[in-house]
Every structure is written in structure tokens, then in C-alpha cells.
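Please keep the sequence and the model in view while reading.

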Amino acid sequence: MYSIEEKYIITAGSLATIIVAFLLNAAPVALPSIAKAFAMNNVLQNWVDTIYLLSIAVLSIPCGKICQKYGLKKVLKFGIIIFFIGTLGTGLSQDAYMLLAFRVVLGIASAILNVASIALIVESMSDDKKGPAIGIAVATVYIGIALAPILGGSLIFNYGWQSLFFATLPVIIINYYLISKIKGEWIHEDEYNFDMTGTILYSMGIILFIYGFTGILELTGQVITLVGIILLICFGYWELKSKNPIFEMRLFKNLRFASANLACLFSYFATFMTTYVYNYHMQYIMGMDSQIAGMYLIITPLIMVVMSVISGWMIKKIRGEILTGCGLLILCVAFILMCFLSRSTPLYVLLIAMTLHGIGYGLFSSPNTVLITTTVPEEESSKASASLSATRLIGQTVSLGIFTTVFAIVMGNVAIVPEYYDLLLNSCNTIMILAVAFVFIGAVISFIGLKESI
């Protein structure tokens with residue numbers, strides 16, 4: 001049974017994750033309306049999401065150290081204030097460049113909320129309460145994802161794209177109130193100055209890596225990606241030598257922590273691009289409109305909501321590596337079904353695959369979050385949470401790059417019209433074969449974590 005203080009913490013942390021997940025997944029729905037309102041060209045339109053994700057990536061790792069130094073509650077409150085400013089500013093934007101500036105503000109705030117909300121739950125709960133509490137927080141992410149296309153689409157259609165951001169403001173205010181009701185503070189003082197060299201190496205490395213990977217098919221993109229990887233390797237080397245690293249690379253000597261992070265990375269390689277496959281098959285091959293396809297697409301996140309809560313409780317009885325490994329094996333089965341898509345594939349096959357996807361990833365997600373954030377010393381939990389955020393973003397970026405590359409190689413530079421639907425199917429089948437390989441590797445890595453005793 002949770003105390004009043006613990007209930008405030010779980011509710012505040014969960015609400016922070018849900019508003020980030022909602023706006024992250026609803027903003028692309030608004031993108032066509034935003035582009036039309038500001039007469040954006042193709043390149044500028046793509047930057048609306050890219051600059052937001054880059055801002056999250058740059059702040060994710062340093063934020064873990066900031067939380068340690070200044071306190072989780074204080075940083076979370078500060079993040080909510082910045083999120084409010086970014087959300088309000090985005091809705092009030094008068095031109096494309098003002099919009100992009102406030103998307104950077106939103107990205108900074110989202111990084112803070114992603115890291116601090118989970119770390120606050122981890123550090124404030126006793127060991128027997130951590131799993132269920134994290135399960136609730138993870139479930140709210142999928143609630144935000146599920147609400148995004150339905151609620152977000154409805155707001156945009158009826159009241160304009162600005163309403164998406166204005167409607168979020170009352171929730172942000174409620175979240176700030178809940179955080180203010182929390183009495184404790186969690187802070188880990190140190191005697192060293194902030195590691196600026198490590199911060200610069202990481203920030204430049206992750207920016208170049210993500211930006212380069214968005215254009216991985218071109219030589220320029222490949223060179224930029226390579227430079228980014230080199231800088232990230234330099235960052236890792238520097239952090240191993242630093243007396244006060246922004247990220248403690250030695251945490252990866254812990255086999256359970258390392259395997260959980262790698263399993264998470266491979267899971268995102270696979271799952272982020274498979275949602276596009278579901279959507280493309282329903283709309284292009286099966287001829288559904290976006291509204292009907294959207295109704296089917298919420299099946300997976302809704303099942304994830306339920307399974308995340310259940311698996312959060314299960315980790316009290318079953319080792320996390322068993323749950324995460326089994327969850328990824330269930331994903332294997334789901335994706336194998338999708339490897340044989342054709343024009344005659346019935347809808348129920350997709351629905352079975354999407355159901356198994358929800359069960360498998362829901363079984364994986366909460367225990368994986370618990371493993372990453374609780375298999376390290378408690379004072380390092382904010383850095384572990386930052387690692388989770390960065391791993392998620394890198395996995396999504398690489399996944400989208402793989403998706404784009406496969407389509408470019410198989411289909412070439414052609415429009416997706418009935419004449420090329422066979423090539424579309426070949427592309428989707430190739431992507432699903434890769435997804436099967438990724439989640440199987442992730443499952444093996446998860447089980448490797450069992451070798452380290454608790």
C-alpha cells in the first residue's frame with residue numbers, strides 16, 4: 001500500500017510522462033496543418049520534429065547529472081515550467097522560425113521530464129514498491145501514445161493545430177501542483193565541477209549521429225554519422241577517465257545493467273519501424289482511410305498499457321531478465337506473422353500480430369525500465385534514467401533510418417501508388433525480417449543478464 005506522499009510522486013511522475021508521450025505522438029498529426037499555416041517547404045517541415053528530437057537527445061545524458069546535483073523534485077518542477085513555456089509558445093507561434101525555437105524549448109523540457117520523472121519514482125520507493133510504481137509510469141506512456149491520434153486528431157480537426165498545445169496547458173498546471181505537494185527531496189552532492197568537456201563531446205556526437213543518420217543514403221550523411229560515432233567513442237573514453245563524469249560508463253561493467261540497455265536498444269531498432277508497416281499495409285494495400293486505420297492502430301498501445309502494469313507487479317516474483325526475454329520472444333512471433341504480408345493477407349492476421357506486439361512489448365517494457373534504473377547504486381538512478389532516455393532515442397533514430405534505407409533500396413525514388421504496391425510489400429517484408437532478427441538478438445541479450453547473480 002502506498003502512502004499519500006508516494007501516491008503524489010507516482011501521479012506526478014506518471015502525468016509528466018503522459019504529457020510528453022501525448023505531444024510527441026500527436027505533433028506529427030498536426031504537422032500538415034502547421035506546414036500549411038506557415039507555408040513551410042519540405043525541408044523546414046521535417047525540421048519541426050527533427051529539432052525537437054535533437055533537443056531531447058542533447059539534454060538526456062547531462063540531465064542525469066543535473067538531477068543528482070540540484071535535486072530531483074527541483075529539476076522536475078523546473079522542467080514543468082519550461083514545458084509550459086514551450087507548449088504555450090508553440091501554440092502562439094506566428095511564423096516557422098518562432099515555432100522551431102519553441103520546439104527546442106519543448107525538447108529541452110521533455111528531456112528533463114523523461115529523466116527526472118522515472119528517477120524520482122525509483123529513488124523514492126522501497127524495493128518492493130519500485131516495480132509496480134514503474135509499471136504504472138510506463139503504462140501512462142502508452143496511454144499518451146494511444147490518445148495522441150484520436151484526441152489529438154479530433155482537436156486539430158475541430159479547433160485547429162494550436163488547440164493541441166493549448167489543451168495540454170491545464171494538465172501541465174495540475175502536474176506542477178502535484179509536484180509541489182511532494183515534501184521530500186533527493187539530491188547527491190559532489191565536490192567536483194560540472195564535466196563540460198564530456199557534455200560537449202556527447203552533445204556534438206549525438207547531434208551529428210542523429211542528423212547524419214537522417215540522410216544515411218547520401219555520402220554526406222554517412223560522413224556526418226561516422227564523425228558522430230567517433231565523438232561518442234571519445235566521450236566514452238573521456239568519461240572513464242573523468243573524476244566527475246556526466247555519465248558513469250563504469251555502470252556498464254554491471255552485466256544486468258548493460259544487457260538491459262542493449263536489449264532496449266535492439267527492441268527500439270525493431271518496434272519503431274513496424275508501426276509504419278502496420279499503417280502502410282492498412283492504408284495502401286487494404287484501402288482503409290486514416291481514421292479507420294488509426295482506430296486499429298491503438299490496439300497495440302492499449303494492450304501495452306494493461307501489460308505494463310501487470311509486468312510491473314510480476315517483477316516482484318519473477319526475475320526481470322526472464323520477463324524481458326519472454327516479452328521479446330513473443331514479439332518475434334508477432335513479427336514473423338508480418339513477414340509474409342501480401343495483397344491477400346486478411347485483416348485478422350494483422351490484428352493477431354498487433355495484439356501479440358502489445359502483449360510482448362508490454363511484458364518487456366516495465367521490467368526493462370526496472371532493470372536499467374534499479375540495478376545500479378541508488379545515487380546513480382538519475383544517470384540510469386538518462387541512459388534509458390538516450391537509448392530509446394538512438395534506437396528510434398536508427399530504426400527510422402533503417403526503414404528509409406530499405407524503402408530506398410527496394411522501391412527506389414517512386415511514389416507509393418498501386419503500380420508499385422508489390423515493391424511496397426517487398427519493402428515491408430524485408431523490414432519485418434530485420435525486426436525479427438533484432439528482437440531475437442534482444443531476447444538473447446536479455447537472458448545473458450541472468451548470468452549475473454542478484
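Start with Ile 448, which is partly exposed because its relative accessible area is 33%, a value that falls between the limits of 20% for buried and 50% for exposed. The model is a predicted one, and all values below are computed from it. Ile 448 is found in helix α16.

What does Ile 448 belong to on the surface? Together with Ile 318, Ile 322, Leu 329, Phe 440, Val 444, Phe 447 and Leu 450, Ile 448 forms a nonpolar patch. The accessible area of these residues together is about 580 Å². A residue has to exceed 30% relative accessible area to be counted in a patch, so Ile 448, at 33%, passes that cut-off while still being classed as partly exposed. Two helices, α13 (320–338) and α16 (421–448), each contribute at least two residues to the patch. The largest share is that of α16, with four residues.

Rolling a probe the size of a water molecule over the atoms shows where empty space is left. How many cavities of 30 Å³ or more does the structure hold? There is one cavity of 30 Å³ or more, and the largest cavity has a volume of about 30 Å³. Its lining consists of Ala 27, Leu 31, Ile 34, Val 48, Asp 49, Leu 99, Arg 103 and Phe 165. At least two lining residues come from each of α1 (4–37), α2 (42–70) and α4 (96–124). Of the elements involved, α1 gives the most, namely three residues. Sorted by class, the lining of this cavity has six nonpolar and two charged residues, and no polar ones.

The last stop is an open space, the second largest pocket, with a volume of about 510 Å³. Two or more residues of its lining come from each of α8 (196–213), α9 (219–241), α10 (255–285) and α15 (381–410). The lining of this pocket has 20 residues, and those nearest its centre are Leu 232, Phe 252, Ala 390, Thr 391 and Ile 394. Which helix gives the most to the lining of the second largest pocket? That helix is α15, with five residues. By class, 16 residues of the pocket lining are nonpolar and four are polar, with no charged residues. The lining of the largest cavity, by contrast, has two charged residues and no polar ones.

Definitions and conventions. Residues are numbered from 1 along each chain as its sequence is written. This is a predicted model: local features need pLDDT of at least 70, side-chain atom pairs count only at pLDDT 80 or more; totals for chains, interfaces and linings use all residues. Side-chain values use heavy atoms; hydrogens and water are left out. Patches are made of residues with over 30% relative accessible area and no salt bridge: like charges are joined within 9 Å, nonpolar side chains (Val, Leu, Ile, Met, Phe, Trp, Tyr) within 5 Å. Accessible areas come from the Shrake-Rupley method with a 1.4 Å probe; for residues, only the protein chains shown count as cover. A salt bridge is a side-chain nitrogen of Lys or Arg within 4 Å of a carboxyl oxygen of Asp or Glu. Buried means under 20% relative accessible area, exposed over 50%, partly exposed in between (1.4 Å probe, protein chains only). On a 1 Å grid over the protein atoms alone, a cavity is a set of points where a 1.4 Å probe fits but cannot get out, and a pocket is an open set with protein on both sides within 12 Å along at least five of seven lines; lining residues have an atom within 4 Å of a point. Grid points are joined across faces, edges and corners, and a volume is the space filled by probe spheres set on the points. Ala, Val, Leu, Ile, Met, Phe, Trp, Tyr, Cys and Pro count as nonpolar, Asp, Glu, Lys and Arg as charged, and the others, Gly among them, as polar.
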